[in-house]
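Here is a short report on salt bridges. Look over the sequence and the structure before reading on.

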Amino acid sequence: MKTADVQAIFSAIRPQQVALIQAIAERPQVDDSFLHLQYDPQKQWDFGLDVLNQFGFDWNRGRLDKAEHPFTNGMGLSDVRITTRIFPNLPASGWFSTMHEFGHGLYGLGTDPKLDRSPLAGGASLGIDESQSRMWENLVGRSHEFWQFFYPRHKRCSRGSWAMSAWRRFTGGSIKSPIADPRRSG
Ligand SMILES: [Zn+2]
């Protein structure tokens, strides 16, 4: 795909996107102030591990580390390394970057071993790869059902460090669009 092709696509969708974002911005905003409180970095990390365990991350073929900017690096079909970044006062950033990179990692780990050491082992395209990371981050991680399951576990992880009341308020804040968040994952 050439630059001209991409420009044609974005030129066509831009008016609708701008109108949509304006319409959203004009609506009453969700109170997500509780997502900007100080939160124990170790407990954030532990919660991310819990999520990866429940997602079924294969720790025999991958690992999680911290990085300045989250990314996934496939060293081989059975050595996928994902990273996350934790901000003490922005817990949602670490949670969702962990889920995002899990999606990249799972995509890499799903490659057919028969394709190992061939150009096809890198996946169908960067676009498909990114769609998988965003599926886990946005469709799964920002879903009501996800937090219905993880909220009680999260409360155990965060005991004593975070005052939070109704879980409906919690989900309302956590699923807020990341459009304005400059700390996007890779
Ligand atoms: Zn990504």
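## K114 and D112

K114 and D112 join their side chains in a salt bridge, with N and O 3.9 Å apart. A salt bridge here is a side-chain nitrogen of Lys or Arg within 4 Å of a carboxyl oxygen of Asp or Glu. K114 is exposed, at 72% relative accessible area. D112 is partly exposed, at 34%. Buried means under 20% relative accessible area, exposed over 50%, and partly exposed in between (1.4 Å probe, protein chains only).

## Basis of the model

This model is predicted: local features need pLDDT of at least 70, side-chain atom pairs count only at pLDDT 80 or more, and totals for chains, interfaces and linings use all residues. Residues are numbered from 1 along each chain as its sequence is written, and side-chain values use heavy atoms, with hydrogens and water left out.

## R85 and E68

R85 pairs with E68 in a salt bridge, and their closest N and O atoms are 3.4 Å apart. This pair links distant parts of the chain, 17 residues apart. R85 lies in the loop between strand 3 (79-84) and helix 3 (91-109). E68 lies in the loop between strand 1 (62-66) and strand 2 (72-76). Helices (H or I, at least four residues) and strands (E, at least two) are DSSP runs, numbered from the N terminus.

R85 is partly exposed, at 27% relative accessible area. E68 is exposed, at 61%.

## R142 and E137

R142 and E137 form a salt bridge through their side chains, at 3.1 Å from N to O. Both R142 and E137 are buried.

## Overall count

The salt-bridge rule gives a count of 7.
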